[in-house]
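Here's a walk through a predicted model, taken one packing arrangement at a time. Have a look at the fold below, and then let's go through it together.

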Amino acid sequence: MSHSSEEDLRVHLLSALQALGVENIPSVEPILEPPADLKFGDATSSVALRLAKQLKKPPRKIADELAAKLAGWTTSVAGAGFINFDFGTSFAGGTIDQARSGDARFGASGFGQSVKFLVEHTSANPTGPLHIAHGRQAAIGDSLARILAHAGFTVGREFYVNDAGNQIDNLGKSILWRYLESKGVTFAPETRGLDEDRKPRVFLISQGPGPKLELEEKNAYRGDYIRDIAKRVNEPATVVSCARLGLEVLLPEIRKDLDQFRVTFDKWSSQAELEASGAVSELMETLKTKGHIQPKDGALWITSMAYGDTQDEVLVKSDGQFTYLAPDIAYHQEKFARGWQRLVDLWGPDHHAHILRMKTALKMLGLPHENFDVLIVQYCRLLKDGQEVKMGKRLASYVTLRELLEEVGVDATRWFFAMRKTDSPLDFDMTLAVKQSAENPVYYVQYAHARIASVLRKGRERGLYLGPFDASALGPEEILLVRHVRGLQRAVERAARDLDPSTICTYAHGLASAYQHYQTAGKNDPAKRILIDDERLRRARLATISAVKVALQNALGLVGVEAPDRMHRDEEE
RNA sequence: GUGCCCGUAGCUCAACUGGAUAGAGCGUUGGCCUCCGGAGCCAAAGGUUGCAGGUUCAACUCCUGCCGGGCAUACCA
């Protein structure tokens, strides 16, 4: 019982291996692993399987020999030759203490070694309200930042504001268009030339006297919010002044939505400011000096193909304007310059092809491109009444994040977005989420937390003692639960390593399920009730479930979901 | 054409980077509330992990080749 840590076991196991005459131990690592199933024990080793060839003995025989040399440890040999270790009740008791005293920090880890890790996400064009695809990016990006921080990284969260470029010009034109309309100016469509798809380009042209405005129809923002902003336009109205007004109105709205969604940022980086600082021009000079720029057809291209990219791309258009790529490269260069050691961006699937381009550009600049990752957050299909709702910023009808939150709530929305791997498309069935909200998986986890809170509450109401406990009173059912609790740290580390918040959802659901099973067992068997008369057992059980409560609360917190102490079902009909 | 991603139960997805009997939810069928919250639990049914080879003690996982699907391949951002 004196041996309680994995480190101790590892040391013993190593000497046991040497005693068996094993050479080159690194070749059979890992010698200790988490068990495939928690009922097997606290740790497991499959070295015997890997040593069979080297030692020319059957795995089970090797396992038996190893186990015999591990005096003081509770071992069992199972399956093809696995050695399982049971660390006993005092170890479990220690985990409970850690959970209860660690509180919000429980499950944290030194995995990240304080490496400075910057998460850039959402970065929606400030040309309209956030819609569902942005919501998914925000949910995943924010959860990822929370997870990385818990895993021991020093984390920054940044929103890149695309407040320069064509789309801002189109925003200004769209507002001016609606403003002029409200002043009685009429617009007539006019067809001119062909676009890249060989379809006619249609322009809206202002008629009659007064200021002239031409707006390509497909570039027009048409939402009602444009009309609302147009009502606030002051003279003299220009495309530039309208664009500025649009940004002044829309950015705070975006911020407000994200705030309500429990998503916060440390910095809002402005593309316009970046360009004004001269960083983009400097970047162009650097690339030219290094010989990575080539003029073609009046434009300036980055010769990324020479660095293994699949194609070159334009940085400066023939009209002298930057494409989005030039400032974006400068922005990433700046992130490293500000001291961030690892970068992760969350992008929409339409940016897929640009991952390689950005990595190549960073490589050309001599920056650590291997420390730059992009998560493609796949589109989210919104279903309503069994029909797919078409989305798109330039369509008049789409569902905004705000509308979604009003109908479904923050908790369910955040969970739903985080529960799937980022790279897989997601079907969000709104009708189901609203009408049958009780079946949403997030409630299952929250319910487990509320049930624990309820039992603890009952205990207090009856004046029962909830303090220190005797770990030796922990039974197999409690030990199993505690092993689940202890798994939080590992789940956090995995999620951080894979940059995948869904790992936490899977973990939380598993823990909730284990708890529901545990508590329900007491329904059929009074000897298994938590609030049992036997004080020694009762204290140990209350301590166990309060540790489960901490783990559930922290796991939910990592994906931005609240852990309520009470839940009330809305009666239907 | 090229480059990425994906084929696992009727449906939506897991499977802790190569380990033990491939697991959950929804749906279907059958049980469980005088009792710590039934938003729950238990049980049944449902699988040749797209196909064919290969690597090895061990393959959903790695390699090769097919088949099928998705996305991307603008002087837009």
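Helix H4 (residues 88-102) and helix H19 (residues 535-558) pack with their axes 8 Å apart, at an angle of about 50°. Helices here are DSSP runs of H or I with at least four residues, strands are runs of E with at least two, and both are numbered from the N terminus. Axes are lines fitted to C-alpha atoms, for helices over the stretch in contact, and angles run from 0 to 180 degrees between N-to-C directions. That angle makes H4 oblique to H19; the scheme calls angles under 35 degrees roughly parallel, over 145 roughly antiparallel, 65 to 115 roughly perpendicular, and the rest oblique. On the H4 side, the contact is made by Thr95, Ile96, Ala99 and Arg100, while H19 brings Ala543, Thr544, Ser546, Ala547, Val550 and Ala551. (Two residues are in contact if their C-beta atoms, placed from the backbone, lie within 7 Å.) By class, that's six nonpolar, three polar and one charged residues. Ala, Val, Leu, Ile, Met, Phe, Trp, Tyr, Cys and Pro count as nonpolar, Asp, Glu, Lys and Arg as charged, and the others, Gly among them, as polar.

A quick word on bookkeeping: residues are numbered from 1 along each chain as its sequence is written, and chains are lettered from A and ligands numbered from 1 in the order in which they are written. Since this is a predicted model, local features need pLDDT of at least 70 and side-chain atom pairs count only at pLDDT 80 or more, while totals for chains, interfaces and linings use all residues.

Now for another helix pair. The axes of H17 and H18 come within 8 Å and cross at roughly 170°, which makes H17 roughly antiparallel to H18. From H17, the residues involved include Leu480, Leu481, Leu488 and Arg494, and they meet a set in H18 that includes Ile504, Tyr507, Leu511 and Tyr518. The contact of H17 with H18 divides into twelve nonpolar, four polar and three charged residues.

On to the sheets. Three strands form an open one in the order S1-S3-S2, with antiparallel pairing; strands pair if DSSP finds at least two bridges between them. Strand S1 (43-45) and strand S2 (74-78) are the edge strands, each pairing on one side only. The twist averages 25° from one strand to the next. S1 and S3 are joined by three bridges, and Thr44 has Asn84 in S3 as its bridge partner. Helix H3 (residues 59-68) packs on this sheet, touching S2 and S3, and its direction makes about 175° with that of S2.

Another open sheet of three strands runs S6-S7-S8, again paired antiparallel. Strand S6 (187-194) and strand S8 (214-216) stand at the edges with a single partner strand each, so one side of each has no neighbour in the sheet. Here the twist averages 30° from one strand to the next. Six bridges join S6 to strand S7 (residues 200-206).
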